[in-house]
Amino acid sequence: MNAYLKKKPGGKKFHDPLAACCAIDESIGTWAEVELHCENGQWGAKLAPGSKTWIITDYDHNKFVETLTAY
């Protein structure tokens, strides 16, 4: 982050609050182990146990908001 801020002293946008909150509290999200793929420029995922690639397929909105707004 230090190297990034040297090039962009204005800072970095907070572009994925849900991912940030799930990094703080994994129980916010419902996770699935998947394989990602791209067809005709469209990204998708299919269940793939053992892939070690996890995505959030659903989340607890109240827990998300509580985590996002906690001080």
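Is Glu35 buried, partly exposed or exposed, and at what relative accessibility? Glu35 counts as partly exposed, at 40% relative accessibility; buried means under 20% relative accessible area, exposed over 50%, and partly exposed in between, with a 1.4 Å probe and protein chains only.

This is a predicted model, in which local features need pLDDT of at least 70 and side-chain atom pairs count only at pLDDT 80 or more, while totals for chains, interfaces and linings use all residues. Residues are numbered from 1 along each chain as its sequence is written, and side-chain values use heavy atoms, with hydrogens and water left out.

The structure has one salt bridge, a term for a side-chain nitrogen of Lys or Arg within 4 Å of a carboxyl oxygen of Asp or Glu. Its partners are Glu35 and Lys46, whose closest N and O atoms are 4.0 Å apart.

There is one aromatic pair; rings of Phe, Tyr and Trp (its six-membered ring) pair if their centres lie within 6.5 Å, and planes under 30 degrees apart count as stacked, over 60 as edge-to-face and the rest as tilted. The rings of Tyr59 and Phe64 are edge-to-face, because their planes stand at 85°, with the centres 5.7 Å apart.

Zero disulfides are present, a disulfide being a pair of cysteine sulfur atoms within 2.5 Å. The sulfur of Cys21 lies 7.1 Å from the closest cysteine sulfur, in Cys22, which is too far for a bond.

Accessibility of further residues:

| Residue | Relative accessible area | Class |
|---|---|---|
| Lys46 | 48% | partly exposed |
| Cys21 | 2% | buried |
| Cys38 | 41% | partly exposed |
| Tyr59 | 35% | partly exposed |
| Phe64 | 13% | buried |
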